[in-house]
Amino acid sequence: MSKNKILLVGGGQIGGNLALLATQKELGDVVIYDIPQAEGMIKGKALDILQLRPHDGYDVDISGTSNPRDMKDADVVIITAGIPRKPGMNREDLLSINIKIISDVAKNVKKYAPDAFVIVVSNPLDAIVYSFFKVSGFSKNKVVGMAGALDTCRFKTFLAKETGLSVQDVQCMVLGGHGDTMVPMLRLASIGGIPVTELISKKRLNEIVHRTRFAGGELVNLFGNGSAYYAPAASAIEMAESYLRDKKRLIPCAALCEGEYGIDGYFIGVPTVIGSNGIEKIIELDLNDEEKTQLNETLHAVKKTVAETGL
Ligand SMILES: NC(=O)c1ccc[n+]([C@@H]2O[C@H](COP(=O)([O-])OP(=O)(O)OC[C@H]3O[C@@H](n4cnc5c(N)ncnc54)[C@H](O)[C@@H]3O)[C@@H](O)[C@H]2O)c1
């Protein structure tokens, strides 16, 4: 049986961690693709990770390249190509640069890996995944944006920290766009089956929701030069693994809505099921009035950024 091929487009901070996690989980052979100026750096990362193999005993290959032809026949493509935020920037400020990059990348992925499942990570996420979809012409089940998986992990982390309970027992999800208007679904959050409203005061819950919404910015300010990379990489790998191993995980992702939640023609964070057919399903929840209002606000923000792509 041939191994899966995982193509990482962008070998920077997130790309390097994606490479490490993909090999450690033995998801398949890994190819890191980046621009020619970064070729030494990604070849170095690939070689370094290759030399880690004897410690773990996993048998997968990893290489770095700037030749688009090496994208050929990738099964999964994870795109982090572009620039990250600096303090004072919001995700939308990245659009003008990252839109040009994603258009080039989409043409190459379409040419060399037309059957791949594509996970977009680059920001502003909801507009960049939309652009990839438009330029590549891929079917909607094969294109998805990573945001909800990460935002949900952040929400889970803060709920666990607040109660001192294991993060393993926290269940919750964050929907909507990957920006400050995202919608942490407090009503559905529980720990060991107990609603968080029974365990945490309303005031603290509001503060946790706020911290979740601005968690990316908190890290940008701490780093001073770039954005988060460990947790984003782990979140994208969770999605890739669910596809490759047909796990049918229920993960909030930016998927193309065509009528779901009253949204038509936009990628936005909704609960999805990921299996060997890609995005196999969008689960529609019965939202209350407050949640509907919040989802409308986040949709408004997504539409505004998508309009700026000109696509
Ligand atoms: N969706 C999310 O939840 C989330 C979370 C964190 C960061 N991000 C975004 O992910 C992106 C990557 O972040 P990072 O910290 O890894 O940035 P980084 O600067 O460390 O890495 C980006 C890499 O992309 C490469 N690149 C640029 N143009 C390219 C092209 N045309 N083809 C291939 N590679 C190209 C760069 O050379 C660089 O190595 C940013 O846009 C960031 O905002 C998204």
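This is a predicted model: local features need pLDDT of at least 70, side-chain atom pairs count only at pLDDT 80 or more; totals for chains, interfaces and linings use all residues.
The peptide bond that joins Asn123 to Pro124 is cis, with an omega of about -5°. Most peptide bonds are trans, and most residues other than glycine have a negative phi.

## Residues with positive phi

Asp73 is not a glycine, yet its phi is positive, at about 60°. Asp73 is placed in the loop that runs between β3 (62-65) and β4 (76-79).

Lys248 also has a positive phi, near 60°, and is likewise a residue other than glycine. Its location is the loop between α9 (230-244) and β12 (249-258).

## Overall architecture

The protein comprises 10 helices and 14 strands. Its radius of gyration is 19 Å, close to the 19 Å that the globule rule gives for 311 residues, so the protein is as compact as a globular protein of that length. The C-alpha trace spans about 50 × 45 × 40 Å along the principal axes of the protein.

The largest pocket is the site in which the ligand sits. Two elements, α1 (13-24) and α4 (95-112), are those that give two or more residues to the shell around the ligand.

The ligand has 28 residues around it, and those that come nearest are Gln13, Ile14, Asp34, Ile83 and Met146. By residue class, the shell divides into 16 nonpolar, 11 polar and 1 charged.

A polar backbone atom of Gly12 is 3.4 Å from an oxygen atom of the ligand.

On its own, the ligand has 870 Å² of accessible area, and the protein covers 88% of this area.

Note on methods: Residues are numbered from 1 along each chain as its sequence is written. Side-chain values use heavy atoms; hydrogens and water are left out. A residue is near a molecule or strand if one of its heavy atoms lies within 4 Å of it. A polar contact is a pair of N or O atoms within 3.5 Å; within protein, one must be able to donate a hydrogen and the other to accept it, and residues adjacent in sequence count only if both atoms are side-chain atoms. Accessible areas come from the Shrake-Rupley method with a 1.4 Å probe; for residues, only the protein chains shown count as cover. On a 1 Å grid over the protein atoms alone, a cavity is a set of points where a 1.4 Å probe fits but cannot get out, and a pocket is an open set with protein on both sides within 12 Å along at least five of seven lines; lining residues have an atom within 4 Å of a point. A molecule sits in a cavity or pocket if more than half of its atoms lie within 2 Å of its grid points. Helices (H or I, at least four residues) and strands (E, at least two) are DSSP runs, numbered from the N terminus. Ala, Val, Leu, Ile, Met, Phe, Trp, Tyr, Cys and Pro count as nonpolar, Asp, Glu, Lys and Arg as charged, and the others, Gly among them, as polar. The radius of gyration is taken over C-alpha atoms; the globule rule is 2.2 Å times the number of residues to the power 0.38.
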